[in-house]
Amino acid sequence: MSEKRTELEKLGEFGLIDHLTKKFKTSVPTTLKGVGDDAAVISISDNEALLVTTDMLLEGVHFNLMYMPLKHLGYKAVAVNVSDICAMNGTPEQITVSIAVSNRFPLEALEELYEGIYTACNNYNIDLVGGDTTSSLSGLTISITAIGRAEKKNIVYRSGAKENDILIATGDLGAAYMGLQVLEREKEVYNANPNIQPDLDGHDYIIERQLKPEARLDIVRFLKELDVVPTSMIDISDGLASEIIHICKASNVGCHIYDEKIPIDAKTSMTALDFNLDPVTCALNGGEDYELLFTVKQADFDKVKGNPHMTPIGHITDKNEGLYFVDKNGSAIELRAQGWNHFKD
Ligand code: ADP
Ligand code: MG
């Protein structure tokens with residue numbers, strides 16, 4: 001190492017990944033896709049490929065055990081990985097689970113964590129097939145790898161969007177972020193005065209979206225039933241804006257998305273307004289929705305139109321037209337990702 005020192009904050013998470021991995025060109029013939037999508041794609045036969053993805057959750061960074069029950073944490077750690085397999089239009093089959101744990105945790109705590117993992121394995125129909133266990137100096141870390149399978153012809157990459165394709169988001173957005181705001185607010189109130197009970201009334205939906213997100217494996221099944229293979233897809237983990245930018249960058253295209261089309265649940269909007277936040281900003285820049293964002297050809301649009309789980313939010317344009325968010329007054333604003341930068345406060 002030289003004397004030079006570059007702060008990670010300058011690169012951001014995605015800049016850092018690019019920087020560290022750019023010289024790793026893939027050379028093994030079975031590696032169909034390496035770094036740069038929701039999961040790696042590995043050929044196993046003429047028609048089929050395995051999908052591999054890893055996500056790590058750290059106490060204090062990704063979860064706070066003051067309001068995150070360990071059972072939910074176990075479930076969520078599996079769900080976020082299943083979500084990345086779904087984003088490739090694949091079916092998850094196995095997971096490995098690695099934990100680093102300090103002696104602050106008794107056996108009962110880890111049993112709770114594994115109860116959540118167990119429930120998720122049952123719900124998503126996957127097997128726990130291994131992992132690793134080690135001690136940590138402080139706190140809890142969980143790293144899960146999920147393995148999935150897909151027919152090669154059905155695999156959907158971030159890079160396949162074409163001009164005039166329709167952009168579709170599943171479910172509704174911004175709820176998990178608002179759930180986190182409510183939980184954080186009540187944590188502050190509790191810290192200030194532990195005699196005051198948390199007031200979570202009326203916030204069940206958004207809190208559940210934060211604590212118990214569900215991967216959209218149902219959408220992968222719907223798409224199959226509808227006989228639609230999206231042209232591109234990504235899961236919405238860092239906020240809609242960041243994911244749209246990933247798709248457009250990978251596909252070398254531009255896009256227009258429309259403010260009034262973005263699906264936001266009424267409870268999310270109401271809570272956002274209570275917090276003096278713009279609901280659409282929460283959908284664009286909040287995180288952890290674990291919905292899917294995909295593009296379909298115009299010719300396939302009739303098959304998904306009107307589906308209650310799928311909302312068209314815009315369309316793909318030529319790269320030279322740029323990436324734009326069109327607000328309620330019809331003004332086009334350039335899309336920027338605030339998303340999460342893990343290296344900034
Ligand atoms: P996602 O949000 O879908 O989980 P990430 O943004 O975490 O995806 O990662 C984007 C891509 O970079 C993925 O292909 C992932 O495997 C890869 N990646 C992330 N961190 C590293 C790393 N430290 N070394 C190599 N590849 C990485
Ligand atoms: Mg992803």
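Helix α1 (residues 8-21) contributes the most to the shell around ligand 1, with three residues; helices (H or I, at least four residues) and strands (E, at least two) are DSSP runs, numbered from the N terminus. The structure is a predicted model, in which local features need pLDDT of at least 70 and side-chain atom pairs count only at pLDDT 80 or more, while totals for chains, interfaces and linings use all residues. Residues are numbered from 1 along each chain as its sequence is written, ligands are numbered from 1 in the order in which they are written, and side-chain values use heavy atoms, with hydrogens and water left out.

The residues around ligand 1 (those with a heavy atom within 4 Å of it) include F14, I17, T21, D37, D84 and R158. By class, this shell holds three nonpolar, three polar and five charged residues. Ala, Val, Leu, Ile, Met, Phe, Trp, Tyr, Cys and Pro count as nonpolar, Asp, Glu, Lys and Arg as charged, and the others, Gly among them, as polar.

For D84, a side-chain N or O atom is 3.0 Å from an oxygen atom of the ligand, and for R158 the corresponding side-chain distance is 3.3 Å. On its own, ligand 1 has 560 Å² of accessible area, of which the protein covers 61%; such areas come from the Shrake-Rupley method with a 1.4 Å probe.

The second largest pocket has a volume of about 390 Å³. A pocket is an open set of points on a 1 Å grid over the protein atoms alone, where a 1.4 Å probe fits, with protein on both sides within 12 Å along at least five of seven lines; lining residues have an atom within 4 Å of a point. The volume is the space filled by probe spheres set on the points, which are joined across faces, edges and corners. Of the 21 lining residues, N89, T91, N154, V220 and K224 are the closest to the centre. Helix α6 supplies the largest share, five residues.

Methods:
A polar contact is a pair of N or O atoms within 3.5 Å; within protein, one must be able to donate a hydrogen and the other to accept it, and residues adjacent in sequence count only if both atoms are side-chain atoms.
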